[in-house]
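Me: I'm new to this one. Can you walk me through what's here?
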Amino acid sequence: MGERVPEQNTAAARVALIDLKAQLERLKPAIETAIGRVLAHGQYILGPEVAELERELAAFCGVAHAVTCGSGTDALLLVLMAEGVAPGDAVFVPSFTFVSAAEVVALLGATPVFVDVEPNGFLMAAESLEGAIAEATKLGLVPRAAIPADLFGQPADYASLGAIAAEAGILILADAAHSLGASRNGIPVGALAPATATSFFPAKPLGCYGDGGAVLTNDSRTASTIRSLRAHGRGADKYDNVRVGLNSRLDTIQAAILIEKLKIYRDEIARRESIARRYNKALDGLVATPQLASGATSVWAQYTVRSSERDRLARRLRERGISTGVYYPRPLHLQPAYAQLPRPATGLPVSERLAREVLSIPMHPYLDEVTQDRIVATIREAV
Ligand SMILES: *Cc1c(COP(=O)(O)O)cnc(C)c1O
């Protein structure tokens, strides 16, 4: 070793929450070649890379069909459209998640009904779903679907939620924007629910360099309806419109990028897992560390701790050049656009508390141990 101090060791170097540059450094030649191939064939919309990626994604998740689309939000929307969700219908969404799930329900004129999460894994709570279904029924709404989110990388409890859904006769649509590549009781994300939506937003565990998303399912009819919906409701050909649809396709260039990223994704997940294990050990007793359910794996989209002194902790980390994030600072039922919607009689107390306590600290496959130790030391000093 020479005298030069690696940049991340200096107090001045800023530690990113998610460092996309480190991954790009690893993949740059492969990605440039892949983009070059698309420029050479010129099929920018639904080119051969889109079909290739869909085959590879389906195989990766152990499902029959992967249908790509314009974003993770559109992936959720497309499934609800294929289901015919309409005004008068209730769709059950977590209050503690990103806005997309509630948004797509409202866009279709149906009613989002909020559900609370459980405090340790941040995942949809089964009893709260039962309460929300009871409340919707009381209001004269027709229960149609629930959209559990696999928050921060761990799959929801689809066995329990699925049993409640079967009883109520509703669809489970998994929001797997954070969890592609994780599993529960050996079943991979994609195969845990009848329909699964995911996102390729750049900061997601498997991200492209723009917007993108996909629906995963074993149901051939759902897959073919979504293929039609994503291209203006097309039938036999482009100028045959058999249903009202969207323009929501994954660009061929983004598919080409994702094919390269998927090749190293397993390795990246293993790196995230080993970083999470080190964090778990080092932070135990300092803050509430994230808990995995038995039988669950996580792809650690975020490493999210809880502390009653969250804001002070975030400030200290920021002063020491360490980026943090708060996912999510306000539960959806307290957002102006979604404030007047139904919820279980027991309320949404966990969502409200988590919004005050959660803090996500740097997590990405290329976070080195020296930097990780610096983050832990700063937290130890602050609490
Ligand atoms: C990112 C995200 C989405 C939406 O994905 P986009 O591709 O940005 O539309 C949906 N749900 C969750 C939980 C997300 O984090």
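Me: Let's start with the ligand. How many nonpolar, polar and charged residues are in the shell around the ligand?
Reply: First, a caution: this is a predicted model. By class, the shell has four nonpolar residues, eight polar ones and two charged ones.

Me: Which residues come nearest to the ligand?
Reply: There are 14 residues around the ligand. Thr73, Asp175, His178, Ser199 and Lys204 come nearest.

Me: Take Thr73. How far is its polar side-chain atom from an oxygen atom of the ligand?
Reply: The distance is 2.5 Å.

Me: And what about Ser199?
Reply: Ser199 also has a polar side-chain atom by a ligand oxygen, at 2.6 Å.

Me: How much of the ligand does the protein bury?
Reply: The protein buries 92% of the area. Taken alone, the ligand exposes 380 Å².

Me: New topic: helices. At what angle do H9 and H12 pack?
Reply: About 25 degrees. H9 covers residues 265–283, and H12 covers residues 369–382. Their axes are 11 Å apart.

Me: Is that roughly parallel or oblique?
Reply: Roughly parallel, because the angle is under 35 degrees.

Me: Which hand is the crossing of H9 and H12?
Reply: H9 passes H12 in a right-handed crossing.

Me: What about H3 and H4? How do they pack?
Reply: H3 spans residues 72–83 and H4 spans residues 100–107. They pack at about 40 degrees, with axes 9 Å apart. That angle makes H3 oblique to H4. The crossing of H3 past H4 is right-handed.

Me: Now the backbone. Which residues does a cis peptide bond join?
Reply: Tyr327 and Tyr328. Omega is about 15 degrees there.

Me: Where is Tyr328 found?
Reply: Tyr328 is in the loop between helix H10 (310–319) and helix H11 (349–357).

Me: One more. What is phi of His232 near?
Reply: Phi of His232 is near 60 degrees. That is a positive value in a residue other than glycine.

Me: And where does His232 lie?
Reply: His232 lies in the loop between helix H7 (220–229) and helix H8 (252–263).

Definitions and conventions: Residues are numbered from 1 along each chain as its sequence is written. This is a predicted model: local features need pLDDT of at least 70, side-chain atom pairs count only at pLDDT 80 or more; totals for chains, interfaces and linings use all residues. Side-chain values use heavy atoms; hydrogens and water are left out. A residue is near a molecule or strand if one of its heavy atoms lies within 4 Å of it. A polar contact is a pair of N or O atoms within 3.5 Å; within protein, one must be able to donate a hydrogen and the other to accept it, and residues adjacent in sequence count only if both atoms are side-chain atoms. Accessible areas come from the Shrake-Rupley method with a 1.4 Å probe; for residues, only the protein chains shown count as cover. Ala, Val, Leu, Ile, Met, Phe, Trp, Tyr, Cys and Pro count as nonpolar, Asp, Glu, Lys and Arg as charged, and the others, Gly among them, as polar. Axes are lines fitted to C-alpha atoms, for helices over the stretch in contact, and angles run from 0 to 180 degrees between N-to-C directions. Helices (H or I, at least four residues) and strands (E, at least two) are DSSP runs, numbered from the N terminus. Angles under 35 degrees count as roughly parallel, over 145 as roughly antiparallel, 65 to 115 as roughly perpendicular and the rest as oblique. A crossing is left-handed if the near helix is turned anticlockwise from the far one by less than a right angle, and right-handed if clockwise.
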